[in-house]
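User: I have a structure open and would like to go through it piece by piece. Can we start with the terms?

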There are 2 protein chains.
Amino acid sequence: MLTYTPPLKDMLFVLNEVLAAPALLAQLPAHADVDTALMREVLEQAGRFARDVIFPLNASGDAQGCTFDQGKVTTPDGFADAYRQFLDGGWPALACATEDGGQGLPHTLNCALFEMLAATNHGWTMYPDLLHGAYSCLRAHGSEELKQRYLAKIATGEWLTTMCLTEAHAGSDLGLLRTRAVPQLDGSYKLSGDKIFISGGEHDLTDNILHLVLARLPDAPVGSKGISLFLVPKFLPEGQRNQVHCTGIEHKMGVHGSATCSMQFDGATGWLVGEAHRGLNAMFVMMNSARLHVGVQGLGLGETAYQNALAYARDRVQSRAVERPAGTSAPADAIVHHPAVQRLLMNQRVWVEGGRMLAYWSALMLDQAEHDPDVQQRTAINGLLALITPIVKAVLTQQGYDGASLALQVFGGHGYVVETGIEQTIRDARITMVYEGTNEIQAIDLLMRKVLADGGRCLFAWLDQVESFAHGVADSQDGSQAARHARQLLALTEGLRTRLARIDAARTEQPRLPYDIAGEFMHIVSHCAFGWLWLRAELAAAALIDQALGDAKCTTACYYYTFMLPATQQYFAVIDASLAAGNAFPKDLINQHAA
Amino acid sequence: MLTYTPPLKDMLFVLNEVLAAPALLAQLPAHADVDTALMREVLEQAGRFARDVIFPLNASGDAQGCTFDQGKVTTPDGFADAYRQFLDGGWPALACATEDGGQGLPHTLNCALFEMLAATNHGWTMYPDLLHGAYSCLRAHGSEELKQRYLAKIATGEWLTTMCLTEAHAGSDLGLLRTRAVPQLDGSYKLSGDKIFISGGEHDLTDNILHLVLARLPDAPVGSKGISLFLVPKFLPEGQRNQVHCTGIEHKMGVHGSATCSMQFDGATGWLVGEAHRGLNAMFVMMNSARLHVGVQGLGLGETAYQNALAYARDRVQSRAVERPAGTSAPADAIVHHPAVQRLLMNQRVWVEGGRMLAYWSALMLDQAEHDPDVQQRTAINGLLALITPIVKAVLTQQGYDGASLALQVFGGHGYVVETGIEQTIRDARITMVYEGTNEIQAIDLLMRKVLADGGRCLFAWLDQVESFAHGVADSQDGSQAARHARQLLALTEGLRTRLARIDAARTEQPRLPYDIAGEFMHIVSHCAFGWLWLRAELAAAALIDQALGDAKCTTACYYYTFMLPATQQYFAVIDASLAAGNAFPKDLINQHAA
């Protein structure tokens, strides 16, 4: 049975010491009153909810799963009651505007909340996970009438929402979707078609469910430029059942508590959200929010895995360590003393703590992008957030999955037993690398759309900041460990700049090159971010009053620079080799598999 | 639903063209008559058995699992019948000596057989997987009486066997085990104690089960030097039920078809195998065989994953590729044309084909170590096999697990659905990184026992061969792709030699250093092996009549050298950084987690 302790100490260290979140939020009129005390209070309450209400339902929800019977979906025992408590606590509305019935708190806190929810019950968390994205999407693109009717219901979480995108033949490529929307005289539309993989498409948590559905109008251009977005409620405003029904749920590797539904729209009534044919544009508001949330799921799952692996390693006694604890005469030591186990644990820890810095930094940018009084500043931060979003999604989910597997390795054979609980974490985490755009698609999004499409301007502007910071550390603390790390970071950003220039120069001749090495490129950029954040953490740690925490942070920063950052050498080598190989080699690759 | 085609073409390429197995086997009197035709015939029949008999039981066996009721274990429907067919076909006896009722065929063929068995039904394969190890162990260490009574039963597979090692508090550290064996007047022993995680401890496949059990004699020294090995049958020679019973089976992440039993020995009658207190020594015969088999499980699971990912990628149409198939006007292309998908597929393929070369090379060494007429040659090959065994176990299992996950990524959301089948492959594969010694223990075994303990002699002797071969290629084919690869390989082996010297010099001052970087060291050695084998494959491919196969091999070799071998740069960087960090940093690491 897994245990969970909300990692409040590290959360507050990241928010207060590394990111200076209170000071930055104080500059945003909407959050001027969010101080450290309020943040701590919210996090403590959120941690209690996660630990006491939904964590006890994690293993039982996995074992029981959802059941489907004649269009009705029943969630595992306790799920509906837990959602009621979530609602009563005002949690769904945490980051929604007060005028819509929300609490108007920063995304930064919402991010920490959802880290703890995913950490304690990923399956359950899937139900409210899309709420804020749907809220933002409707708020940005919905008509006044739709907003009037639905925005507060979403903000408060009284009604849950879905994203209806995927069809059996249209997953990554939404341009292929076939669901049709036919305009009616009263301004509404009738939608017909079949959607699959709809999380929370049907359930027993709320009275109504609001589906955000991508479909084609009769005059729509082919491809992704002919897709429109519609809001389709399960129950119509007058109370009648709408013609949208769940036809079955998937039997999945994990997240058994989350109902993954096939949905049939059979002339269902809906209303256009945003402009006709511009549905993907509107949906991307929701998708970007969802991508950050998915990354945070990886973070939360990784945290739980790490906590439990560490506890087991301290408890499990096996073999004598090469360096034994002082004064012991026992026949064997706790495995936490074995270097190989320490490597497994540190690999998890450095990712979890690094991932937390990356995720919270992104959430803070979301707050700034929404509320900074300076429009230019908002635009700049929006650009950087768009650049970082695919990294949060892809890298944190990979780390969450890998971290869970490392944790199982610490448990040894006991980890493979269902009752231990860690194998569920692996199964749950696996989906995060796939949904909301596979991690491969995130890497392509980063390199093609977020970097090459704007000539690298946004990336370079951020690298300028990173380098200026690193130069400052290298110069002012010469001879220190931090200065050594700063120079490693500078070498990394320089390597990235060089490679980007080469990739950009080569792609006319080698059009597939960026697609071949997009994954390596993404990991290098992620290391620039991790290196920068760990350097900031290292400096912040040195100034801490809590010396134990400070020492631990410095050690982990050092571990990052010693054991993790060298992975970039492999990525550079792959990019260099691909550049050198020219066109001949990729052509062979195609032949290899397409034959 | 997964499909499986026995990869006979690649198996025969590896055996005939890369390893020249027929010529090498011809030099062993025991296998002088094993020619290409016989090998092909055996592999074809084995492939048919795997594909037609046990593969259809793979998903159903996972869904149904084993059941336990009052000491009785029932395996999934069809398992017992399939085992009967396995027995009737003479497969358990494939590599056992003809004088013991076996077929006297090489381990090399047995290895290929077990690759296909694991590829098609890992859970089922667990039952006969230990047979050959038990046979070798008893043959080497059993008394004449025990051999007379049991060897043929094991060789033919009429009775199945187990390894009873683990106890709840003694897993990796067998020195802690507590099961007691008390000598009786008739020369037998009474065993008492509890064992866990005993694969096939109880089942309905055979009339009798022979347990090989580690236990302590009353006068045993403490620790691992006080452990003896016993044979304990479920039914005694006179037919009475022995006092060994299954008390329950584990509920596991995967391999549901394999019964993982808790066993209670309650004054059970057994007989000593080998010398008193030297049980680990005798058991290691079995363990080494088991470790090779576990590596081969990783290979088989990876093969099935790759085959299915490739088939899906050819079939699934989604988005336009950056380089479209000639003449197409379709709205989207098969995803096999997308560079990101090609990378996922090639990462699997290069591991599967490379892993096959490594595994079959090891099996061939096992044949040579047993049957080479020259005793010095036998000793030398035994040493090299002992060096390579932990690599086969750890690296091939990691690759199998990672490969299955890459395959799921190709399937996208569909891969997360149970009915697709690939998620079972991930769940099944996960145990291979843990059992028969965790992969971390394999890495330590390699560096501490197989390399540093003999001053690197065995490793260097093999590296000499590798380098001499690479020099030959670099010199004779200057300017060719193969020569470029040969020089990459030479740089790698030189880097390994340098690091090993530094590690050896530093370890007096930094005793935990080798334990810290054992994983990186193992991966570097594995790349020396993969690089050597891929270079051999590349040369062999150039001489093939089947030009399509030859071209594909050359491309895959090139992929290995371009995309995979650069990982060694990271491993070197980690070792160098650890050497440079000295003692201070590791000490911090201990404090970090032990607190």
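Analyst: A residue is buried if 20 or more other C-beta atoms lie within 10 Å of its own, exposed if 12 or fewer, and partly exposed in between. Keep in mind that this is a predicted model.

User: Then how does Ala20(B) count, buried or exposed or partly exposed?

Analyst: Ala20(B) has 14 C-beta neighbours inside 10 Å, so it counts as partly exposed. Its place is the loop between α1 (8-18) and α2 (21-26) of chain B.

User: What is the phi of Ala20(B) near?

Analyst: Near 50°, which is a positive value in a residue other than glycine. Val255(A) is also not a glycine, and it has a positive phi of about 35°.

User: Where is Val255(A)?

Analyst: In chain A, in the loop between β8 (244-249) and β9 (260-273). Val255(A) has 30 other C-beta atoms within 10 Å, so it is buried.

User: Next, Asp62(B). Which helix is it in?

Analyst: Asp62(B) belongs to helix α4 of chain B, which covers residues 58-64. With 23 other C-beta atoms within 10 Å, Asp62(B) is buried.

User: What is Asp62(B) in contact with, leaving aside neighbours within four places in sequence?

Analyst: Gly123(B), His256(B), Gly257(B) and Gln424(B).

User: Let's move to helices. How many residues does α10 of chain B have?

Analyst: Helix α10 of chain B runs over residues 279-315 and has 37 residues. From its first C-alpha to its last it reaches 54 Å, close to the 54 Å expected at 1.5 Å a residue.

User: Where is the kink in α10(B) centred?

Analyst: On Val285(B), and the kink is about 30°.

User: Why is α10(B) described as largely enclosed?

Analyst: Because 30 of its 37 residues are buried, α10(B) is largely enclosed by the rest of the structure.

User: And how many residues of α6(A) are buried?

Analyst: In α6(A), 14 of 14 residues are buried, so the helix is mostly covered. It spans residues 107-120 of chain A and reaches 20 Å end to end between C-alpha atoms, close to the 20 Å expected.

User: Change of topic: domains. Which ones is chain A divided into?

Analyst: Domain 1 is 8-138, domain 2 is 143-149 + 158-283, and domain 3 is 455-595. Taken over C-alpha atoms, the centres of domain 1 and domain 3 of chain A are 32 Å apart.

User: How many residues of those two domains of chain A are in contact?

Analyst: Four residues of domain 1 are in contact with six residues of domain 3. On the domain 1 side, two are nonpolar, two are charged and none is polar.

User: Last topic, the two chains. What rotation superposes chain B on chain A?

Analyst: A rotation of 180° with 0.0 Å of shift along its axis, at an RMSD of 0.0 Å. That is the relation of a two-fold axis.

User: How many residues does the contact take from each chain?

Analyst: It takes 73 residues from chain B and 72 residues from chain A. On the chain B side, helix α20 (residues 567-581) gives the most, with eight residues. That side divides into 40 nonpolar, 21 polar and twelve charged residues.

User: Why say the copies meet through the same surface?

Analyst: Because 99% of the interface residues of chain B are also interface residues in chain A.

Definitions and conventions
Residues numbered from 1 in each chain as written. Chains lettered and ligands numbered in written order. Predicted model: local features only at pLDDT ≥ 70, side-chain atom pairs only at ≥ 80, totals over all residues. Least-squares fit on C-alpha atoms with pLDDT ≥ 70 in both. Contact = placed C-beta atoms within 7 Å. Helix = DSSP H or I, 4+ residues; strand = E, 2+ residues; numbered from the N terminus. Expected span 1.5 Å × (residues − 1). Bend = angle between axes of the 7 residues up to and from the residue. Nonpolar A, V, L, I, M, F, W, Y, C, P; charged D, E, K, R; others polar. Domains from an automatic or database assignment.
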